[in-house]
Amino acid sequence: MADYHFVYKDVEGASTQWDDIQRKLGNLPPKPPAFKPDPFEPAPDPDSVPKDKSWIDEKTEEELDEIEDDLDDDRFLEEYRKKRLAEMREAVKISKYGSVMPISGSDFVREVSQAPQDVWVVVILYKEGFLECGLLLQCLEELAVKYPATKFVKIISTDCIPNYPDCNLPTLLVYNNGAVKANYVGLHSFGHRCTPEGVALVLCQSDPVLNDGQSGSNASVLEGVRKRFIEKVVTEHEDHDDDGSSSD
């Protein structure tokens with residue numbers, strides 16, 4: 001007659017008295033915790049989220065365009081939505097530049113002559129290995145960061161104008177609305193010491209070339225340029241006096 005052995009299987013997570021004794025003696029591993037599913041939470045309903053300023057602040061530009069019809073009954077939120085859209089688009093415009101972009105001769109018309117009418121373009125004609133060109137480029141790099149709504153580009157002189165004399169380098173051309181508004185030949189055009197503050201002051205002498213995208217008016221930008229130039233001159237004068245007194 002066959003010998004049958006039956007193994008008793010209890011429900012999952014349950015334990016027999018024998019198992020409990022064996023666990024106390026260390027003959028069995030600790031009892032695993034009983035499975036408990038996470039409490040059910042329904043997905044949040046987007047329409048139930050309170051519509052306030054913080055709700056609008058979380059939206060992207062595309063989403064703000066899409067919810068225009070949803071705010072017809074809330075005049076305050078609709079005005080705030082328009083304000084946020086304007087801020088986003090202005091921020092995109094401001095961050096459009098911010099550095100001195102290299103261009104080739106074939107890029108000139110598109111990047112300079114056909115630039116938007118409200119954008120001033122500063123073009124430096126240069127060549128590698130010229131100390132004066134390097135000094136002016138350093139100044140323009142700093143100005144490009146401070147005034148990201150002004151477009152700064154650099155181009156090898158002979159790529160722009162064939163046979164352009166090296167003795168005229170560096171040359172700065174200022175464009176607006178497809179036309180040359182000013183040109184500066186040689187580093188001496190910016191004073192005996194070429195500094196970002198001095199270059200900025202020269203550029204803004206007759207036209208509102210520099211634009212930080214935030215000051216709101218050309219007069220306020222020019223006032224800021226003059227203020228920084230004066231502060232730079234005063235600081236250099238004080239440093240010179242300190243060096244002179246320390247050497248005595």
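Tutor: Welcome! Two strands count as paired if DSSP finds at least two bridges between them. Keep in mind that this is a predicted model.

Student: Thanks! In S3, which residue is the bridge partner of Leu 125?

Tutor: Start with strand S2, residues 120-126. Six bridges join S2 to S3, and the two strands run parallel. For Leu 125, the bridge partner in S3 is Ile 155.

Student: And which residue of S3 is the bridge partner of Met 101?

Tutor: Look at strand S1 (residues 100-102), which is parallel to S3 and joined to it by three bridges. In S3, Met 101 has as its bridge partner Val 153.

Student: In what order do the five strands form the open sheet?

Tutor: Strands of a sheet pair through backbone hydrogen bonds, either parallel or antiparallel. Here the sheet is open and its pairing is mixed. The edge strands, each pairing on one side only, are S1 and strand S5 (179-185). From one strand to the next the twist averages 25°. The order of the five strands is S1-S3-S2-S4-S5.

Student: Is S3 largely enclosed or open, and why?

Tutor: A residue is buried when its relative accessible area is under 20%. Strand S3 covers residues 151-156, and five of its six residues are buried.

Student: What is the volume of the largest cavity?

Tutor: Rolling a probe the size of a water molecule over the atoms shows where empty space is left. In this structure there is one cavity of 30 Å³ or more. The volume of the largest cavity is about 40 Å³.

Student: Which element gives the most residues to the lining of that largest cavity?

Tutor: The lining residues are Leu 143, Lys 146, Tyr 147, Pro 196, Glu 197, Ala 200, Val 225 and Arg 228. Two or more residues come from each of H6, helix H8 (196-203) and helix H9 (218-247). The most, three residues, come from H8.

Student: By class, how many residues of the lining are charged?

Tutor: Five residues of the lining of the largest cavity are nonpolar, and no polar residue takes part. The count of charged residues is three.

Technical notes:
Residues numbered from 1 in each chain as written. Predicted model: local features only at pLDDT ≥ 70, side-chain atom pairs only at ≥ 80, totals over all residues. Heavy atoms only, no water. Buried < 20%, exposed > 50% of the residue type's maximum accessible area, 1.4 Å probe, protein only. Helix = DSSP H or I, 4+ residues; strand = E, 2+ residues; numbered from the N terminus. 1 Å grid on protein atoms, 1.4 Å probe; cavity = no way out; pocket = protein on both sides within 12 Å on 5 of 7 lines; lining within 4 Å. Points joined across faces, edges and corners; volume = space filled by probe spheres on them. Nonpolar A, V, L, I, M, F, W, Y, C, P; charged D, E, K, R; others polar. Axes fitted to C-alpha atoms, helices over the stretch in contact; angles between N-to-C directions.
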